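Have the sequence and the model open beside you and follow along.

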Amino acid sequence: MTNRLHSVEADESGPAYFKRPAAPGGSMADLLIAMGTAPGDACAAAHVPVVLRRVHVGECLVHEGSPAKALYFVGAGTFKIFHTDLDGYEQVLAIANRGEVMGYDALCMASHPTAIMALEDSTVYVVLLTELLELGQTLPAFSEAFQRAGSQTLIRSRELADMMAAVASEVRLARFLILMSQRMRAAGQSPRRFRLRMARRDIASLLGVAHETVSRSFSCLTLAGLLHVSNREVEILDLEGLRAFSRTTRRKADDFYALPERVMAGQRRGVSRRSSASLNRLAA
């Protein structure tokens, strides 16, 4: 197993992304810990090497239509998973963070139906599809972690469907921010203050709205006193209020602005011209 796991980076007949040098120090124990396995349970796999690859911001880890030869587990960083339509439009389908599996949708296919791009400098653990069965048989901890990761991809699909169930774009954005908050909390980071790695256009694609609508929705939630936004930095000022608003499914923008207490609270905080300019500078 050891030689075959290392050979993925030396295979000159494979795609370019298999030929890049691996980052040092990758082991199955590291991978299992990234996937949420307790360190004590993961230490037994420390002797099993796994390719750890660095991916720079803006770099495609997987191109749509490329041969499906491996699964990728996020060690650090953030990735977007997207499909490109015939007219060139990029439809963002998911965002992947530490511990999540990517390429899972290609398990039953010969090629990847989607592309994967790094939104920041990141690392991934590379596991060949031909190694999955053997790893699952010899390392029960990996089998368990892999099943959790597969289940997580189904949860992400359900979350996307839940966001799209809301008619109002403001509600879709609120649900997206709540999901981001939950991910930050799960990663041991602040659930109220975080940096958006996605550009405004990517957020719009994920939510199924025009990218100008995303700025207007941020402005709406800011005016209501729920958020403070500076470029890509987001601070949730009223987490419970944002949760309550995200649970609405068919509230229109006019109904939202009809909430006088919320609007007055936002006006008292003062949405200055400088704040509005910051909203408009969300990277397109």
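**A helix to start with**

I began with helix H5, where Phe142, Ala145, Phe146, Ala149, Gly150, Arg156, Glu159 and Met163 are buried. This is a predicted model, so I kept in mind that local features need pLDDT of at least 70. Next I checked the length of H5, residues 140-164. At 1.5 Å a residue, its 25 residues should span 36 Å, and the end C-alpha atoms are 37 Å apart, which agrees.

**The sheet**

I then traced an open sheet of 4 strands, in the order E1-E8-E3-E6, with antiparallel pairing. Strand E1 (51-55) and strand E6 (101-102) are the edge strands, and each pairs on one side only. A reminder to myself: strands of a sheet pair through backbone hydrogen bonds. I looked up E3 (residues 70-76) and E8 (residues 122-128), and found 6 bridges joining them. Which residue in E8 is the bridge partner of phenylalanine 73? I found tyrosine 125 there.

I turned to the largest nonpolar core, which has 39 residues. Those with the most contacts inside it are Phe176, Leu177, Leu196, Phe218, Leu221, Leu227 and Leu242. Several elements give two or more residues to this core, including strand E5 (90-96), helix H7 (200-207) and helix H9 (239-246). Helix H6 gives the largest share, 9 residues.

Leaving aside its neighbours within four places in sequence, leucine 227 is in contact with Leu177, Phe218, Leu221, Thr222, Val234, Glu235, Ile236, Leu237 and Leu242. Apart from this core lies another, of 23 residues, among them Ala34, Val50, Leu52 and Phe146. I had already met Phe146 as a buried residue of H5.

**Cysteine 60**

I found cysteine 60 in strand E2 (residues 60-62). Is cysteine 60 buried or exposed? It counts as buried, because its relative accessibility is 18% and the cut-off is under 20%. Beyond its neighbours within four places in sequence, cysteine 60 is in contact with Phe82, Ile116 and Met117.

**Arginine 175**

My last stop was arginine 175, in helix H6. At 7% relative accessibility, arginine 175 counts as buried. Where does its side chain reach? I followed the side chain of arginine 175 to the backbone oxygen of aspartate 162, at 2.5 Å.

Note on methods. Residues numbered from 1 in each chain as written. Predicted model: local features only at pLDDT ≥ 70, side-chain atom pairs only at ≥ 80, totals over all residues. Heavy atoms only, no water. Pairing = 2+ DSSP bridges. Expected span 1.5 Å × (residues − 1). Buried < 20%, exposed > 50% of the residue type's maximum accessible area, 1.4 Å probe, protein only. Core = buried A, V, L, I, M, F, W, Y, C linked by side-chain atoms within 4.5 Å. Contact = heavy atoms within 4.5 Å. Polar contact = N/O pair within 3.5 Å; in protein donor to acceptor, adjacent residues only side chain to side chain.
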